[in-house]
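These are my notebook entries on a single protein chain. I set down what I looked up, entry by entry.

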Amino acid sequence: MANHKSSLKRIRQTKTRAEHNHYYAKTMRNAVRKLRAMENKEEAVALYPKVQKMLDKLAKNNIIHKNKAANLKSSLAQHISKLG
């Protein structure tokens, strides 16, 4: 166990930030799954900008890597273009 006040505070902060990051990463994964599961092109096109914005924000705040965000956006765009 930690012995210093500063290390105790650091533990509290790390736990809080990890919970915060986990929530937003999980929300992003669910949104990506929802978009990939869509069969209707109009609905997918309407949802894509929201998911794209979410990915950009998470990459900006270092919750996910910027290349991961770019790869997800690219693969989702390809998926939408293949829809009939």
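**Entry 1**

I began with Lys73, which lies in helix α3. I note at the outset that the model is predicted. I looked up the accessibility of Lys73 and found 18% relative accessibility; residues under 20% count as buried, so Lys73 is buried. I then listed its contacts, leaving out residues up to four places away in sequence: Lys73 touches Tyr48, Gln52, Leu55 and Asp56.

**Entry 2: The salt bridge**

How many salt bridges does the structure hold? I found one. Lys73 forms a salt bridge with Asp56, and their closest N and O atoms are 2.7 Å apart. The pair links distant parts of the chain, as Lys73 belongs to helix α3 (residues 66–82) and Asp56 to helix α2 (residues 41–60), with the two 17 residues apart. As background, I recorded that side chains of opposite charge can pair when their charged atoms come close. I also checked Asp56, which has 37% relative accessibility and therefore counts as partly exposed.

**Entry 3: Helix α3**

I compared the length of α3 with expectation. At 1.5 Å a residue, its 17 residues should span 24 Å, and the end C-alpha atoms are 25 Å apart, which agrees. Which residues of α3 are buried? I found Ala69, Leu72, Lys73, Leu76 and Ile80. They cover an arc of only 100 degrees around the axis, so they lie on the same side of α3. I then asked what covers the buried residues of α3. The cover includes α1 and α2.

**Entry 4: Helix α1**

I repeated the length check on helix α1 (residues 5–37). Its 33 residues should span 48 Å at 1.5 Å a residue, and its end C-alpha atoms are 48 Å apart, which agrees. In α1, I recorded Ala25, Met28, Ala31, Val32 and Leu35 as buried. The cover over the buried residues of α1 includes α2 and α3.

**Entry 5: The aromatic pair**

Lastly, I searched the whole structure for aromatic pairs and found one. Tyr23 and Tyr24 form this pair, which is edge-to-face, with 4.9 Å centre to centre and 85 degrees between the planes. Are these residues buried or exposed? Tyr23 is exposed, with a relative accessible area of 52%, whereas Tyr24 is partly exposed, with 37%.

Technical notes. Residues numbered from 1 in each chain as written. Predicted model: local features only at pLDDT ≥ 70, side-chain atom pairs only at ≥ 80, totals over all residues. Heavy atoms only, no water. Salt bridge = Lys/Arg side-chain N within 4 Å of Asp/Glu carboxyl O. Helix = DSSP H or I, 4+ residues; strand = E, 2+ residues; numbered from the N terminus. Buried < 20%, exposed > 50% of the residue type's maximum accessible area, 1.4 Å probe, protein only. Contact = heavy atoms within 4.5 Å. Phe/Tyr/Trp six-rings, centres within 6.5 Å; stacked < 30°, edge-to-face > 60°. Expected span 1.5 Å × (residues − 1). Arc of directions from axis to C-beta.
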